[in-house]
Amino acid sequence: MRNKKARKSTFFIVLALILLLTYTAFFGIENWHGDTRNVYIKGAEDIRWGIDIRGGVEAVFTPDIAKSEITDEDMDAAQAIIDTRMVSQNITDYEIYTDKENHQIVVRFPWEADDTDMDPAAAVAALGETAELTFCKGASYSEDAVIFKGDHVTKATPAYDEQNGYIVALELDSTAADLFSNATKELASSKGQIAISMDGNVITAPTVNEQITGGQAIITGMADADEAQELADKINAGSLPFALSVDNSKLSIVSPSLGENALKAMLIAGAIAFGIICILMIVRYRLNGVIASIALLGQLAGSIAAISGFFPGLNSFTLTIPGIAGIILSIGVGVDCNVIAAERIRQEFKNGKTIDGSIDAGFKNSLSAIIDGNVTILIVAFVLMGAFGTDGFIIYKLFSLIFGASIAGSIYSFGFTLLIGVIFNLIMGVVSSKLMLRSVSQFKCLRKPWLYGGSKDE
């Protein structure tokens, strides 16, 4: 008997979803208005490649105050803020060295994904800004009229509303919320203004029409989403204890360690290897191999999507050579997952079961082995991300107590891509493969046991 739970249309629905994910993950969705690129869904070209693949910038920052006024604590604070700014920009492959004796901070980080000018001065410009946010009574900045400063802002989020356009929404702590409520109550009666400034430069000075409670405020006047995101990142990163200037004589471009054409060569080699794997699986496992190849394509697309920032709530990611190794290893795990299932199905045919019975029993009997292997790798990936990640990753806080504070972008990249790849392997290799195989088995022309691993004589 045929499996009545399986529908023929399921295969086409799952296939369409995988192909849609693949196209959008690699090419994204965007349009152009003149020279302005509007990105709706990020694609592979939005991936920020690591220094080892695409190269980057090395800059030496020096405090803009007298050396006698600088303490070791100030230098540590400045390094911590630059760390935070890197993380807020989703840069995980970077290096920072603090020379306390000479009062210098050396920073190395990769180019942005869409940076075609390769201008090192522009790339490092935002890192040395003090980024001190202040709220003042009146239309201009004044130290005497400061209500509170940016260290009382708990979170800044870029947003858009129809009335004000692009904005940055601020959440204030309890101290700032009370101060802001009292100030707006005082100014509302006279239609006064509150100037919101960054490093003493007024960003916006809205008129106060009513008392504002609840610990929330907005900054208006953003030209586009990128400007709103940049301002929010600066606020979230915090303010430096002093401005940092760049020594232009020591500003340099870091060449990729693998050479200029390494990325193109890796992509070509990866495509060829993926094609060979699919051919071998199809030859060995026939229709099971076709389904497995589609599932592997979905797994690869899911990994690329997670790295580029395709999914809401999952930021873009700096991809390094070890990160690519993590993708390759997860694809290998995906192949293993599909091979186990195909071999189990083949064994069920030898036990005398029908096509539907062999498919159901094969996936059921292979599930425990697949889960065991994948969970083991998930644990390894979490440990790597925890031990070598950034302080934005919650497990890092636990492991930093054991290993001490450390940031190793290359190893973190490997752990991240391995983690994401295994998660998509479980989705594609277990769930999607079973749905598609059960669906195609309902087509009369495909109800031949040898297509699924059985004997041609059956």
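## The overall picture

How many helices and strands does the secondary structure of the protein chain come to? The secondary structure comes to twelve helices and 16 strands; helices (H or I, at least four residues) and strands (E, at least two) are DSSP runs, numbered from the N terminus. Before going further, note that this is a predicted model, where local features need pLDDT of at least 70 and side-chain atom pairs count only at pLDDT 80 or more, while totals for chains, interfaces and linings use all residues. Residues are numbered from 1 along each chain as its sequence is written, and side-chain values use heavy atoms, with hydrogens and water left out.

The protein chain has 458 residues, and 46% of them count as buried (buried means under 20% relative accessible area, exposed over 50%, and partly exposed in between, with a 1.4 Å probe and protein chains only). Its accessible surface comes to about 22,500 Å², with 57% of that belonging to carbon and sulfur atoms; the areas come from the Shrake-Rupley method with a 1.4 Å probe. Now take the contacts (heavy atoms within 4.5 Å) between residues at least 6 apart in sequence: 70% of these join residues at least 24 apart.

## Helix 8 against helix 9

Two packed helices are described by the angle between their axes and the distance between the axes. For helix 8 (residues 287-308) and helix 9 (residues 321-350), the axes come within 10 Å and cross at roughly 155°. Axes here are lines fitted to C-alpha atoms, for helices over the stretch in contact, and angles run from 0 to 180 degrees between N-to-C directions. That crossing angle makes helix 8 roughly antiparallel to helix 9 (under 35 degrees is roughly parallel, over 145 roughly antiparallel, 65 to 115 roughly perpendicular and the rest oblique).

The crossing of helix 8 and helix 9 is right-handed, meaning the near helix is turned clockwise from the far one by less than a right angle, with anticlockwise being left-handed. Helix 8 brings residues including Asn288, Leu296 and Ile307 to the contact, and helix 9 brings residues including Ile327, Gly334 and Ile345. By class, the contact has ten nonpolar, five polar and no charged residues (Ala, Val, Leu, Ile, Met, Phe, Trp, Tyr, Cys and Pro count as nonpolar, Asp, Glu, Lys and Arg as charged, and the others, Gly among them, as polar).

## Helix 3 against helix 6

Helix 3 (residues 72-88) and helix 6 (residues 225-237) pack at an angle of about 145°, with their axes 9 Å apart. Their crossing is right-handed. Ile81, Thr84, Arg85 and Ser88 of helix 3 meet Asp233, Asn236 and Ala237 of helix 6. That contact has two nonpolar, three polar and two charged residues.

## A few residues to look up

Start with Ser413, which sits in helix 12 (residues 409-440). Ser413 is buried, with a relative accessible area of 0%. Leaving aside residues up to four places away in sequence, Ser413 touches Phe317, Thr318, Leu319, Thr320 and Gly323.

His103, in the loop between strand 5 (95-99) and strand 6 (104-110), has a phi near 55°, a positive value in a residue other than glycine. His103 counts as buried at 13% relative accessibility. Lys191 is no glycine either, and has a positive phi of about 55°. Lys191 lies in the loop between helix 5 (174-188) and strand 11 (194-198), and is partly exposed at 49% relative accessibility.
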